[in-house]
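Please follow the chain strand by strand in the view below.

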Amino acid sequence: MKSIRNAVIDYGMEKYGVAPDHPFEKYPSYFVLRHKDDEKWFALVMDVPKNRIGLEGEENVDILDVKCAPQEIGTLRKSAGFFPAYHMNKEHWLTVILDGTVRLDEIKRLIDQSFMLSD
């Protein structure tokens, strides 16, 4: 089974023609998807300890940060798999866990929204 992390990479390449960029030398597993024209980020994938996003445990989990409409953030954060943005502006960004809790079609919708909002 393909990981959701890889599905995010594939989606960025297929829909937006962008390959993952690895801007953090200290964190080689992290990657961003950027707009081609101005290089603004529209998605950031990281693997962080669960307790950093408010879950039990110290094992790493893949997460996705996306820019999101502020009026939607509050609603989504009440649902399983959504968290306050990790290391991003919590008013405009949202963290999504990539462990299967959130359906891939919803993840793609959020990436699309992030692409539009960050342009």
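β4 and β5 are paired in the antiparallel sense over three bridges; two strands pair if DSSP finds at least two bridges between them. Here helices (H or I, at least four residues) and strands (E, at least two) are DSSP runs, numbered from the N terminus. Within this pair, F82 stands opposite V96 in β5. The model is a predicted one, in which local features need pLDDT of at least 70 and side-chain atom pairs count only at pLDDT 80 or more, while totals for chains, interfaces and linings use all residues. Residues are numbered from 1 along each chain as its sequence is written, and side-chain values use heavy atoms, with hydrogens and water left out.

The loop between β4 and β5 contains H87. Phi of H87 is near 60°, a positive value in a residue other than glycine. Most residues other than glycine have a negative phi. At 65% relative accessibility H87 counts as exposed, because that term means over 50% relative accessible area, against under 20% for buried and partly exposed in between (1.4 Å probe, protein chains only).

L64 is placed opposite V96 in β5. Next comes the pairing of β2 with β3, antiparallel over seven bridges, where V48 stands opposite V61 in β3. β1 and β2 also run antiparallel, joined by four bridges, and F31 faces V45 in β2 as its opposite residue. These two strands form a hairpin with six residues between them. E39 in that turn has a positive phi of about 65°, although E39 is not a glycine.

Put together, the strands make an open sheet of five in the order β1-β2-β3-β5-β4, with antiparallel pairing. β1 and β4 (82-84) are at the edges with a single partner strand each, so one side of each has no neighbour in the sheet. From one strand to the next the twist averages 25°. Although β1 is an edge strand, both of its faces are covered: F31 and L33 on one side and V32 and R34 on the other are all buried.

Helix α3 lies across β2, β3, β4 and β5 and runs at about 45° to β3. Axes are lines fitted to C-alpha atoms, for helices over the stretch in contact, and angles run from 0 to 180 degrees between N-to-C directions. Contact means heavy atoms within 4.5 Å. Q113 is found in α3 and is buried, with a relative accessible area of 13%. Leaving out residues up to four places away in sequence, Q113 touches K67, C68, A69 and E72.
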